[in-house]
Amino acid sequence: MYKCRRRYYVKNVNKKRVAERCDVYRSAKIGTWFHNSNLDVGTICRLVACFLMLQHPRQDRTQVETGITSPTTIVDWFNFCREVCVFWAEKHSEKLDGPGHTVEIDEAKIGKRKYNRGRLVKGQWIFGGYEQGSKKIFIVPVEDRMEKTLLEIIKKWILPGTTIVSDCWKSYDCLNNEGFQHLTVNHSYNFVDPETGEKRLKLLI
């Protein structure tokens, strides 16, 4: 909270010059990412740390670490974090390499929850890739997750001969016939590699 304590002079009813002090208050959060939030800055920073450092599923652990009891609040702030990640990634997207390189791809929807409950149902679909080793990425907005839409983007951003790792979404079934080596991960069984402990798809946010 910023409080102005500047002194200034005015004339009173007797036309005498008297000193007064400014008592204007202004929140330090105004004009920042924290504006209009009922959470204090420290709690928001802990939320962001949980988003960046915890593996899926992270909802229960985040409630413990931040003291926030509302799952809705946590979901909303995680969505804000995703929007920042997407904004940054769009500015740093680049074409991913070909043979001998492995790229993980995934799609997600960024938006609002219907009636403030449940999974995201309204918003913008995004699609992206992450190259293992070099950590190069690309992320682009898409109209839908149909095969034609995603394949066009894959061919634009990923060179032929690349090994592509994805989930089992049906739109990716054509990749082996399009000049790529395609491997799949079933999220129903493993978000984390049971041998290495690493998250299967790093692009998941």
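Colleague: Which residues of helix 4 are buried?

Modeller: In helix 4 (residues 147–157), the buried residues are Leu 150, Leu 151, Ile 153, Ile 154 and Trp 157. Buried means under 20% relative accessible area, exposed over 50%, and partly exposed in between, with a 1.4 Å probe and protein chains only. Helices (H or I, at least four residues) and strands (E, at least two) are DSSP runs, numbered from the N terminus.

Colleague: What kind of model is this, and how are residues numbered?

Modeller: This is a predicted model, where local features need pLDDT of at least 70, side-chain atom pairs count only at pLDDT 80 or more, and totals for chains, interfaces and linings use all residues. Residues are numbered from 1 along each chain as its sequence is written, and side-chain values use heavy atoms, with hydrogens and water left out.

Colleague: Back to helix 4. How do its buried residues fall, seen down the axis?

Modeller: The buried residues of helix 4 are Leu 150, Leu 151, Ile 153, Ile 154 and Trp 157. Seen down the helix axis, they fall within an arc of 165°, so they line one face of helix 4. The arc is that of the directions from the helix axis to the C-beta atoms.

Colleague: And what does the face turned away from the buried side carry?

Modeller: That face of helix 4 carries the exposed residues Lys 148, Glu 152 and Lys 156.

Colleague: What does Val 142 touch?

Modeller: Leaving aside neighbours within four places in sequence, Val 142 is in contact with Gln 124, Trp 125, Ile 126, Phe 127, Thr 149 and Ile 153. Contact means heavy atoms within 4.5 Å. Ile 153 is one of the buried residues of helix 4.

Colleague: Where is Val 142, and is it buried or exposed?

Modeller: Val 142 is in strand 7 and counts as buried at 4% relative accessibility. Its C-alpha atom is separated by 9.8 Å from that of Gly 128, 14 residues apart along the chain.

Colleague: New topic. What is the angle between helix 2 and helix 3?

Modeller: Helix 2 (residues 59–66) and helix 3 (residues 71–91) pack at an angle of about 100°, with their axes 10 Å apart. That makes helix 2 roughly perpendicular to helix 3. Axes are lines fitted to C-alpha atoms, for helices over the stretch in contact, and angles run from 0 to 180 degrees between N-to-C directions. Under 35 degrees counts as roughly parallel, over 145 as roughly antiparallel, 65 to 115 as roughly perpendicular and the rest as oblique.

Colleague: Which residues make that contact?

Modeller: Helix 2 contributes Gln 59, Thr 62 and Gln 63, and helix 3 contributes Pro 71, Ile 74, Val 75 and Phe 78. The residues of this contact divide into four nonpolar, three polar and no charged. Ala, Val, Leu, Ile, Met, Phe, Trp, Tyr, Cys and Pro count as nonpolar, Asp, Glu, Lys and Arg as charged, and the others, Gly among them, as polar.

Colleague: Is Thr 62 buried or exposed?

Modeller: Thr 62 is buried, with a relative accessible area of 0%.

Colleague: What about Glu 90? Where does it lie, and what does it touch?

Modeller: Glu 90 lies in helix 3 and counts as partly exposed at 37% relative accessibility. Not counting residues up to four places away in sequence, Glu 90 touches Ile 139 and Pro 141.

Colleague: Moving on to strand 8. How does it pair with strand 9?

Modeller: Strand 8 and strand 9 (residues 181–184) pair in the parallel sense over four bridges. Two strands pair if DSSP finds at least two bridges between them. The bridge partner of Ile 164 in strand 9 is His 182.

Colleague: Which faces of strand 8 are covered?

Modeller: Both faces of strand 8 (residues 163–166) are covered, with Thr 163 and Val 165 on one side and Ile 164 and Ser 166 on the other, all buried. Val 165 has a relative accessible area of 11%.

Colleague: Last one: what is the phi of Lys 135?

Modeller: Lys 135 has a positive phi of about 65° although it is not a glycine. Most residues other than glycine have a negative phi. Lys 135 is in the loop between strand 6 (120–131) and strand 7 (137–142), and is exposed, with a relative accessible area of 60%.
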